[in-house]
Each structure stands twice: as C-alpha cells, then as structure tokens.
Amino acid sequence: MQNQYDVLVIGGGPAGTTIGSLLAEQGWSVCLLEKAHHPRFHIGESLLPLNLPILEKLGVLEQVAAIGIKKYAAEFNSEVTAPAQDIFYFAKAVNPDHPFAYEVRRSEFDEILFKNATAKGVATFEGVTVNRVELEQPTKKVWATTHAGDTLEFQCRFVVDASGRDTFLAKRFNIKQKNPHHQMAAMYGHFHAVERRSGQDEGNISIYWFEHGWMWLIPLKDGMMSMGCVCWPAYLKSRQQPLNAFFLQTLQQVPEVAARMKNAVLASDASATGNYSYRSSQIAGKGYLLIGDAYAFVDPVFSSGVFLAMNAGMKGAVYVNALLTAPAQQVQLTRAFEKTIQQEMRAFCWFIYRFNSPTLHKLLMSSDEKAQHPLKQKMKAAVISVLAGDACNQQNKQALLLFKGLYFVMAALDFKQHWRFLSFQRKQNKVLLAELK
Ligand SMILES: Cc1cc2nc3c(=O)[nH]c(=O)nc-3n(C[C@H](O)[C@H](O)[C@H](O)COP(=O)(O)OP(=O)(O)OC[C@H]3O[C@@H](n4cnc5c(N)ncnc54)[C@H](O)[C@@H]3O)c2cc1C
C-alpha cells in the first residue's frame, strides 16, 4: 500500500468526500480514511437548494436526483399563531435559480459521494479509524487501525479533519467549546406509513413548534418518513421511560402530527443526541484544517449541516490548493478562509438562536401572502434565501436587516414575554446531558 500523500482526509462524509474529490481533481495525491463502511446510517437527510451547485460541480447531481425526493419548500406549523401554517417556497427566494432541493437517505447519499471520490482518484479506505497524528514536522504522520486490528502508518504534507461530530483534532487539541448560546437535544427515528403531503408538496419538510421545542417530518423517496423532536435539554432529562416510548409520546403532543401518524410504525429503534452545539476555537493550523462538523455544528433546524459541510469542503479545497502551492501565504489564506466560513455560520445562527422565541415564531408565521406590503414580501424572500442556503447573498442584506430590526421592535413591545423566554433559554443552556453524549 502506498503510504505517502499530499493530503490525508480523516472521514468520508459530505465534507471529507467533497474536499478530497476537488483536491484530487486539481492533481494532488489524496488519501481518505473512513472508519465505517458505506452505506451506513447517518442523520441529516434534508438538503438545501444551494447544495445543488456543489453536487453539480462534483458531478453527482443526477445520481442524487435518482435517490432523492424533490423538496420545493419548508413548511412551518404552529398551534398558537394565525395562520397555523406557512409554506416557504424556494422559488420565491431573492435568487430563484434553485427552486428545489432533495430529501435523501444519507446512507445512499454518502455512498454516492464516497464512490465519486474514489472515481476521481482519491485513495479511499473504509473500516479504517484514525487514532493518532503528529503534525509538528513539515511531514505529517497519521496512524490508523483497520477493523481487523492492523495498524497503518501514513505520511502527508497536509491533514484535513472531516471526522464529523467525532471532532478528532478538536478533541486532541482540547479546542472544542460548548456553544454558550444554544443547547438543544434531539430524538429521531424512521417511520412507515406516516401521512405525506400531496402533489408537488410531497417532498417538503414539515416543521412543527410545540411546548418543548420543535419537530421535523422529512419524507424519503421509499415511503419512509424521518421524524425527529428537537427539545429543550431539561425536557429530555425528565424522561422516565425507554427512549422509543418517550419519543412516540412526544410526537403525539402535536395533534396534527398525531393525526398524520395514526397508522405509523417505527421502523427501527429511535436515537437521541445532546450536546450537539459546539465550535472549535481554531479552524486551521500549520498543515491542518478542520471542516464540517469536525469544526462546528449548531442545530438542524434550517437543515444547513450538509450544505455547510460541503461548502466548507469546496472552499477548503481552494484553501489547501493555494497553501500547498504557496505555503508562505498561510496567515492571509487562513484568515480569509476562516472569515468566510464564520460569516456563513453566523447568518444561520442569528435565526437558530431565536427560533424558539415567541417573537420569531410570530414573525415567521405572519406572512399572509395576499395582504402583504411589498416590504414584507421582500423580507420573506430574504428569509427564504436563508432557508435555501443563500444566507450571505448581498441582495438579501437590507431586507434581512429590516427583518431583524422588526424582531427587536416586537421583542421590545412584548418585553415581559421576551424576557421570560431569554431567562428560560439561559437556564436551559446550562443543563448538562452527559448521558446523551
Ligand atoms: C439531530 C440532527 C439532525 C440533522 N438534520 C440535518 C438535516 O436535515 N439536514 C442537514 O443538512 N444536516 C442535518 N444535520 C447535520 C448533519 O448531519 C451534519 O452537519 C453533516 O453530516 C456533517 O457532515 P460532515 O461530513 O462534516 O460529518 P459526517 O457526515 O458526520 O461525516 C464524518 C465521517 O467521519 C468518519 N469518522 C469519524 N471519526 C473518524 C476517524 N477517527 N477515522 C476515520 N473516520 C472517522 C465518520 O464515520 C463519518 O462517516 C443534523 C444533525 C443532527 C444532530
């Protein structure tokens, strides 16, 4: 086995396969080590319209279209607002060039990306877990273990950490930080026979606010429904019964969800995850880079995880290519890379941190199409652009500022309710969910 490469990538999910494929295309020798064997289960099935140009660039758009179901909109539902439902169609975004995305089974999606990386010349290995690195010298050393227990040693000029929530380098360097602004926890599972929307709306993601957080329904192509509840951590901590029972009981709390589930059967055991909002205090160092969930993850509410991971993979490929070509530019290149990655994350964070606040809840649901003022329509188009993944489009800037301004005015007008929410959120952010790690 060859063991010397220009670049070694840890992890073969969306981030790792994107950066690996693009660097191999540019002529670098790339090795990618994945601890699992594809196809493997992964949560994160709802893509964003802005994923599509990346998939096209990688040459896998047709394959993804074949396994996916088209998602034209994100549908929000609330029991306490009028209207009780609002549908945000991507065709109404500021830039309507990408009017849909796909809902995919991640086992199939990630396998397509992994095989594509192999086809592009990346030396890919499955069932190989990276467990040690030495990054101090110009020649980096990486050790990994195969499923059979053999140790492999690799040498490279550059290491990319795309190990997802395992956060391989961030843990080793002790630079992983809990997100102080946001701590939710999730339960999820796949169901047979959940009622779907009809016609063009069949593939839309449905989101329901409820007392303890919010729920998602993501329809998959084979008739399965991915469902999940994102809850305040204290609520998950209050669980007395087995996870499956608690998950089902929670889903039943929204009457419309319960009605859509009247014939539903859980396809396999539910899963739970807490402490998922974090960031590494450093994105890159001499000869290494952290991308996707290996760098940071905030929350699934805007389905931004896969897009941000692949976007970081794409931008990371430009960064690594420039660095390997001109190592003296390290400081400037890193600064520029970090700035764009953080800017994109921040654009989503503004909404994510406030998503459960009664103020944003009301503001998002108040867009009665016919009665709308042109300014309100502009704001809605800007919000749809964020939902589509086009969060940093300069054309959105003014309308988003206006939307945010309106949020603060509404919060000030209903100061007591807003203050109650902020105090509650602050307390929840301190709840530890060690058992869900
Ligand atoms: C509850 C929940 C719901 C979500 N829903 C959505 C959604 O609807 N839409 C969306 O876009 N995002 C969603 N996400 C986020 C999404 O799952 C992630 O953001 C996305 O998978 C990140 O991609 P990645 O390539 O960075 O990491 P991953 O997809 O996790 O890939 C990392 C890979 O690295 C491998 N690996 C780890 N450690 C090692 C090692 N030491 N050696 C070798 N290989 C290793 C892993 O096996 C894995 O295959 C959700 C997240 C959560 C928690």
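This short talk covers the ligand shell and the domain contact of one predicted model.

Let me begin with the domains. The assignment divides the protein into domain 1, covering 4–67 + 105–178 + 277–352, and domain 2, covering 69–103 + 184–274 + 356–437. Between the C-alpha centres of domain 1 and domain 2 the distance is 27 Å. Where the two meet, domain 1 contributes 26 residues and domain 2 contributes 26 residues.

Consider next the side of domain 1 that touches domain 2. At least two residues of that side come from each of α2 (51–58), α3 (61–67) and α10 (330–354). Of the contributions to this side, that of α10 is the most, at six residues. Sorted by class, the side of domain 1 that touches domain 2 holds 17 nonpolar, five polar and four charged residues.

I now turn to the ligand. Which residues come nearest to the ligand? Among the 40 residues around it, they are Gly13, Gly44, Gly164, Gly292 and Gly305. The shell takes at least three residues from domain 1 and at least three from domain 2.

As for secondary structure, the elements that each supply at least two shell residues are the helices α1 (14–25) and α9 (305–325), together with the strands β2 (30–34), β8 (128–134) and β12 (185–192). The largest share belongs to α9, with four residues. In terms of class, the shell around the ligand comprises 18 nonpolar, 16 polar and six charged residues.

To conclude, the ligand shell draws on both domain 1 and domain 2, and α10 gives the most to the side of domain 1 that faces the contact with domain 2. Thank you.

Conventions: Residues are numbered from 1 along each chain as its sequence is written. This is a predicted model: local features need pLDDT of at least 70, side-chain atom pairs count only at pLDDT 80 or more; totals for chains, interfaces and linings use all residues. A residue is near a molecule or strand if its C-beta atom, placed from the backbone, lies within 6 Å of it. Ala, Val, Leu, Ile, Met, Phe, Trp, Tyr, Cys and Pro count as nonpolar, Asp, Glu, Lys and Arg as charged, and the others, Gly among them, as polar. Domain bounds come from an automatic or database domain assignment. Two residues are in contact if their C-beta atoms, placed from the backbone, lie within 7 Å.
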